[in-house]
Amino acid sequence: MKKWIIATVAVILVATLVVSLVLQSNNNQELKKSLQQAEQKKTQLSNEMKKLESSDVAFSPSELAFMKDTMTTYLSYTNENYSKRFKALEGKIDSGVLNELQGGAATEVPKMKIENKVNGMTIYLNTTEPKSYLMQIETTYTINHESMGKATQLYQVQIEKKEDHYVLDKMQVLGVVQ
């Protein structure tokens, strides 16, 4: 009787082991299949992202960073960097556009303490013109530590890739709302 119990227990253990191995094998196959599907989806999304970045109906993170940096350099200033900001923009903004911007600014640093600060920026893609964007920029202007309030400025800009960097080659002020 003891041999029969031991044999039965051994058969049950072997059967349990076989069933576990079969289930584990099926589970591994399902996991491999899921992993392959996830990798295919990742490749597909990566290819779509590259296609969008290279097309004219989307802008890349580097274009976005360039526009934000350039416009922040132009619009964020104090007495200390009022004139110097134009020098910092050389090579980032087309020389003709930069000359127009400098011509619209006072030639001497103001005597009163001034500060213009960029608070936020939203960039919209113009789908009808390649590399053309509408920029909505919120700024705060301060004179002698007195806030003149917030202003929303609208610009239409166009950028161009030159060799290894971007250049803002067109800029039009569409308006300022106080």
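**Entry 1. Charge over a ring.** I count a charge as sitting over a ring if NZ of Lys or CZ of Arg is within 6 Å of the ring centre and within 35 degrees of the ring normal. The model I examined is a predicted one. With that criterion I looked up arginine 85, and I found it over the face of tyrosine 77, at 4.0 Å from the ring centre. I then checked tyrosine 82: the charged end of arginine 85 sits over that ring as well, 4.8 Å from its centre.

**Entry 2. The two tyrosines.** I next asked how tyrosine 77 and tyrosine 82 are arranged. My search of the whole structure returned three aromatic pairs. One of them joins tyrosine 77 and tyrosine 82 in an edge-to-face arrangement, with 5.3 Å centre to centre and 75 degrees between the planes. I also looked up their accessibility, and both tyrosine 77 and tyrosine 82 are buried.

**Entry 3. The sheet.** I traced an open sheet of five strands, ordered β1-β2-β3-β4-β5, with antiparallel pairing. The edges are β1 (77-78) and β5 (165-177), each of which pairs on one side only. Helix α2 (residues 61-75) packs on this sheet and touches β1, β2, β3, β4 (146-162) and β5; I noted about 150 degrees between its direction and that of β2.

**Entry 4. Strand by strand.** I recorded twelve bridges between β2 (residues 114-126) and β3 (residues 132-143). Isoleucine 114 has isoleucine 143 in β3 as its bridge partner. Between β3 and β4 I found eleven bridges, and here threonine 139 is partnered by alanine 151 of β4. Eleven bridges also connect β4 to β5; lysine 161 has tyrosine 166 in β5 as its partner.

**Entry 5. The turns.** I looked up two hairpins. The hairpin of β3 and β4 has two residues between the strands, and asparagine 144 in the turn shows a positive phi of about 50 degrees. The hairpin of β4 and β5 likewise has two residues between its strands, with glutamate 163 at a positive phi near 55 degrees.

**Entry 6. The core.** Which residues of the largest nonpolar core touch the most other members? Among its 23 residues, I found these to be Met71, Met135, Tyr155 and Leu168. Two or more residues each come from α2, α4 (95-104), β2, β3, β4 and β5. The largest share, five residues, is that of α2.

Terms used:
Residues numbered from 1 in each chain as written. Predicted model: local features only at pLDDT ≥ 70, side-chain atom pairs only at ≥ 80, totals over all residues. Heavy atoms only, no water. Pairing = 2+ DSSP bridges. Helix = DSSP H or I, 4+ residues; strand = E, 2+ residues; numbered from the N terminus. Contact = heavy atoms within 4.5 Å. Axes fitted to C-alpha atoms, helices over the stretch in contact; angles between N-to-C directions. Phe/Tyr/Trp six-rings, centres within 6.5 Å; stacked < 30°, edge-to-face > 60°. Buried < 20%, exposed > 50% of the residue type's maximum accessible area, 1.4 Å probe, protein only. Core = buried A, V, L, I, M, F, W, Y, C linked by side-chain atoms within 4.5 Å.
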